[in-house]
Amino acid sequence: MNKQIIAAVLALPLALTSAFAQEAQGPTVKVSGFGTGALTWTNTSEAEFGRPNQASGAKKNPYTGVDSNLGLQADVTVNNWLSFTGQGLVRRDAEDDFGAELAWAFAKARISDQFSVRVGRIGLPAFMISDYRNVGYANTFLRPPVEMYSQVPFNSLDGIDATYQHSFGDTSVTGQLAFGGAEVKVAGGLKAKGKDMIALNLVAEHGPFTARFGRVDAKITITGSAPLTGLLGTLRALSANPGLSQLNTMANELSANEKKASFTSVGLGMDWNNIVAQTEFAKRKTDTYVNDTSSWYVMGGYRFGKVLPYFIQSKVSIDGHPENRVPAGVASLAPLRAGAARLPYTGVGQGEQSTTSIGVRWDFYRSLALKAQIDRVKPAVGSGLLLNPTPGFNRDVTVGAVAIDFVF
């Protein structure tokens, strides 16, 4: 992406700061940032490892593009009830080069000590760590498990949300309800659009323990897939022939035009004495060619002073996909049937795999953390979530990474 565009997006929070700093009574301004500098590599050149929605990833040679990013945020408090927030983020996402995005840009009205409303671009609360998934320093692991965090392509939502917080004795409960829409580029030249998105996020905190429930419902449209467009056109054209009417039903099932989709998740976290633990379980369901999935991970670690070794086990499984209604045994339809059979495994976040990870975090200096992590990725169907595989690739891959996380 053009470096001028990257600079402009990162400069937006500073522009907000400058604009509001000139107001008569001078609002409170806070500028902060975060980032990760990392090297990632694997033990193969036949497939690439990347984060969710990256177009390319790491192979045998150390690669900076998987886990490195840079963010800048400005929070401007105008008075005791109104504030503005802007956040720019640079990372590798759906394109092969580093690109810039406006992650957050919202106005917040504090109605009372317990109730607030935000309008603009806000983080989509689909996961337990949605608000800080890109802030490496805020997380124990080097990266969120891809098996879980690849299941929703949207990181933010353009719309409105309301948050209410109340304490019941020693337990604090926060409820968040958001509504709006989102549109993102998806690796492979696709675009995903969410319409009428409703997100519910409930969090309960009691001492060192955190419990969370989340639900996102939306109408999803996916465009830009030439193979899908061609397949749907062929299915509908052939459905006019006697005995092939079922192909139109299949085309409707595969179509991704304002189809219902949902993502339901629960999570638990603990930071008690020196023990750190975190887990999430989620189910994705759609009425399109994108597979229904179940995903989960469990992380546990123990803190020895400033050093925290940890272990992660994660998995994503395919629960179901549209039935292949192209008749078998008809030679002229064999290529069409084969294409339809492949399609459910080439959509958004379609791989089935598990990963075993071990890592260590060392907080060696104020606001700086050094991390090292080794992952053993085990694809179950085809190449799993690995990127750009050679034909027929299906074997376990070892991934290594070292990173320095920082905040300022």
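1. Start with Arg 51. Leaving aside residues up to four places away in sequence, Arg 51 touches Val 66, Asp 67, Arg 133, Leu 142, Arg 143, Pro 144 and Val 146. Keep in mind that this is a predicted model. Arg 51 sits in the loop between β1 (28–42) and β2 (69–77). Is Arg 51 buried or exposed? Its relative accessible area is 18%. Buried means under 20%, so Arg 51 counts as buried. Take Val 146 from the list of contacts. Along the sequence, Arg 51 and Val 146 are 95 residues apart. In space, their C-alpha atoms are 6.3 Å apart.

2. Look at its backbone. Phi of Asn 53 is near 70°, which is a positive value in a residue other than glycine. Asn 273 also has a positive phi without being glycine, with a value near 55°. Where is Asn 273? Its place is the loop between β10 and β11. Asn 273 is exposed, with a relative accessible area of 58%.

3. Now step back to the whole chain. The protein chain has 408 residues, and 47% of them count as buried. How many helices and strands are there? The chain holds 5 helices and 16 strands. Then the surface. The chain exposes about 18900 Å². Carbon and sulfur atoms supply 59% of that area.

4. Look next at helix α4, residues 246–254. Which of its residues are buried? They include Leu 247, Met 250, Ala 251 and Leu 254. These residues cover an arc of only 100° around the axis, so they lie on the same side of α4. There is a general rule to recall here. An α-helix has 3.6 residues a turn, so residues three or four places apart point the same way.

5. Turn to strand β3, residues 82–92. Thr 85 lies in this strand. Its relative accessibility is 7%, so Thr 85 counts as buried. What does the side chain of Thr 85 contact? It makes a polar contact with the side chain of Asp 75, at 2.7 Å.

6. With a relative accessible area of 4%, Gly 123 is buried. Beyond residues up to four places away in sequence, Gly 123 touches Trp 104, Asp 131, Asn 155 and Ser 156. Compare a distance with Phe 106. Gly 123 and Phe 106 are 17 residues apart along the chain, and their C-alpha atoms are separated by 10.0 Å.

7. Strand β14 covers residues 352–365, and Ser 354 has its place there. Ser 354 has 16% relative accessibility, so it counts as buried. Which residues does Ser 354 touch, not counting those up to four places away in sequence? They are Glu 147, Gln 313, Ser 314, Lys 315, Arg 376, Val 377 and Lys 378.

8. Next, the open space. The second largest pocket holds about 1200 Å³. Its lining has 50 residues. Nearest its centre lie Met 128, Asp 131, Tyr 132, Val 203 and Glu 205. Which strand gives the largest share of the lining of the second largest pocket? That is β5 (residues 115–123), with 4 residues.

9. Rolling a probe the size of a water molecule over the atoms shows where empty space is left. The count comes to 3 cavities of 30 Å³ or more. The largest cavity has about 230 Å³ of space. It is lined by 20 residues, and the closest to its centre are Gln 151, Pro 153, Phe 154, Ile 220 and Ala 261. Four strands each supply at least two residues of this lining: β8 (190–206), β9 (209–223), β10 (259–272) and β11 (275–286). Which strand gives the most? It is β9, with 5 residues.

How values were computed. Residues numbered from 1 in each chain as written. Predicted model: local features only at pLDDT ≥ 70, side-chain atom pairs only at ≥ 80, totals over all residues. Heavy atoms only, no water. Buried < 20%, exposed > 50% of the residue type's maximum accessible area, 1.4 Å probe, protein only. Polar contact = N/O pair within 3.5 Å; in protein donor to acceptor, adjacent residues only side chain to side chain. Arc of directions from axis to C-beta. Areas by Shrake-Rupley, 256 points an atom, 1.4 Å probe, with all protein chains shown as cover. 1 Å grid on protein atoms, 1.4 Å probe; cavity = no way out; pocket = protein on both sides within 12 Å on 5 of 7 lines; lining within 4 Å. Points joined across faces, edges and corners; volume = space filled by probe spheres on them. Contact = heavy atoms within 4.5 Å.
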